[in-house]
Amino acid sequence: MRYLIGLVLVGALIVGGLFMYAGGLPGPTIEIVKPTKYVGQTGTVEVTLTSPKAKYVGNFHIFFEQNGKQTPLVSFDKPETAEIKPDGPDRVRITRTFTRDTIPDLKSGPARILVDAERPVLFGFRKTKSTASRDVQVRLEKPMIAVLSTKHYINLGGSEMVVYRATPADVESGVQVGDLVYPGYPASGAKLEGVNITDPAVKLAFIALRYDQDVNTPMFAYAKDEAGNAARAEFDRMTFPKPFKKSRIELDDTFLNRVIPAILETTTEVAPQGDMLQKFLAVNGDLRRKNAEKIASFAKQSAPAILWGGAVFHPFTNTAVEAAFADQRTYVYQGKDVDRQTHLGFDLARVVHSPVLAANGGKVMYAAPLGIYGNCVILDHGMGVQSLYGHLSLIAVKAGDTVQKEQELGKSGMTGMAGGDHLHFTMLVNGQMVNPVEWWDAHWIQDRIIRKLREASGS
C-alpha cells in the first residue's frame, strides 16, 4: 500500500511539474501586420498568429480600443467576420476590413489595436496565452487640395509644371497623368529670383505627357494620407498632338560585329544566344527596356530642391541634329524589317570627341557604361528633373559630383548603340524621357515654371 501511495505521489508530482512547466511555455507569436500607423474612415486589420511546434491556434480576439472603449473586430467564436486562412504549417493569417459602421464611436485621435491568442499545451490540458498591441492614429478628415497655377499647355512628349496647395502639409501628393504618378515637392525648395514660397502646404510637381500617351489622357492633382483618405483636384489644361518622324536604320554585319559584343561586355542583364542578329534584337529590345528601368529608378533619388537656378538649359546650338526626339525607327537587315523602336532623345554631332557640356547645374547621379547608351552620365537637377548624356568616349566626372552649367562632363563618342561619333541627349521628368526642346527655350522656362512660382509666392 505504501508503495502504491508513493507511486501516486510521484505521479502527482510529475503531473504537477509538467503542468507548471507547460504554463511557462510561450503562447502564440502575434504579429500585427496592419495597420502600421494610421486608420482612416475605412481600414484593414491584419494579424498573423504562429504557434511553435503546433498546427493549431486556439482562442483569439482582436479589439479596437479608443477612449477606454473596446470594440471587438475578430474573435475565434465568430470567424465569419474575417478572412482566416493558413499561412504555412504553423501560422494563420487573419484579415478584417472595417468601416465607421463597424466602430460607430470612431473619432480622430489616438487609438490602439489589441490582440490576444491562446494555444493548447500538455495535450490540450492547459493553454498558454500571448498578447500584443499597437498604437495608431485615427484620421477621419480627408486631405484638401487646390491647384494654384494656371494656363497649363502640354505638348505630346513634353513637360509641364503644376503648383498646388495640399493640407495637411505632410500628406502624400502630386499629379497623376493616366497611370503615371509625378510626386510633388515643397515649393519652398524653388529658390529662384522673385520666388519666395514659405508655406509648407504649397507644392509643385513637374509632369510629362509621354510620347505614347493619348492627348486626352486624364490628369489631376491628388493628395492622400497614410490612413487611405484621398482627395483630387482638376486643373485647366490644353494638350497638343505632335507628329514624330519615322526613319529606317540599315544594319550590316560590320556594325553588328562592332557594337553588340562591346555592349554585352559591359552588362550582365542580358545574355542572348544565337547569331549576331539575334543578339542585336535582344540588346535593342530587352536591354533597352532594362536600361530605361534603371534610368527611371534615379528619379527616386532626385533632390527636393531646384538645383539649376531657373536658367535656360544649354541648347547645344553648335551641333548638327542627326535624330530628334521620339523618332519611330524601323531597323532593316538584308532587306527585311527586323525591329522597331522609339528613339527618345536628340542625337547631336559636331566633331569627333567634342566636349560634352552639362545642360545645367546639378549633381551627377550616374557616370559609367549603361547598355545601349554606352558611357553615360545622368545629372539630377532636382525635383524629378534630370538629363542624360550617352555614347561618350570619355567620362570626366563621377557619381556624387556637383557640376555647374556648361561644365565639361566628358567627350562625345560612339560607345553603345552608336553608328558614329555623337552625343545622345535627353531630358527626364520623374524618370520619363521628354522632349528637350522645351527646356532649351527661355520663353518656355519663364512661362511654364518661373511665372507660376512667382504667382504662387505673390510676387
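**View A. Arginine charges over phenylalanine rings.** Arg-237 lies over the face of Phe-235, at 5.5 Å from the ring centre. The charged end of Arg-232 sits over the ring of Phe-220, 3.6 Å from its centre. A charge counts as over a ring if NZ of Lys or CZ of Arg is within 6 Å of the ring centre and within 35 degrees of the ring normal. The model is predicted: local features need pLDDT of at least 70, side-chain atom pairs count only at pLDDT 80 or more, and totals for chains, interfaces and linings use all residues. Residues are numbered from 1 along each chain as its sequence is written, and side-chain values use heavy atoms, with hydrogens and water left out.

**View B. An open sheet of 4 strands.** The strand order is S14-S13-S17-S18, with antiparallel pairing (strands are DSSP E runs of at least two residues, numbered from the N terminus; pairing requires at least two DSSP bridges). Strand S14 (180-183) and strand S18 (230-233) each have a single partner strand, so one side of each is left without a neighbour in the sheet. Strand S13 (residues 172-177) and strand S17 (residues 219-224) are joined by 6 bridges, and Val-175 stands opposite Ala-221 in S17.

**View C. Aromatic contacts.** Rings of Phe, Tyr and Trp (its six-membered ring) pair if their centres lie within 6.5 Å; planes under 30 degrees apart count as stacked, over 60 as edge-to-face and the rest as tilted. Phe-346 and Trp-440 form an edge-to-face pair, 5.3 Å centre to centre with 70 degrees between the planes. Both Phe-346 and Trp-440 are buried (under 20% relative accessible area, 1.4 Å probe, protein chains only; exposed is over 50%, partly exposed in between). One aromatic cluster comprises Phe-206, Trp-308, Phe-313, Trp-439 and Trp-444.
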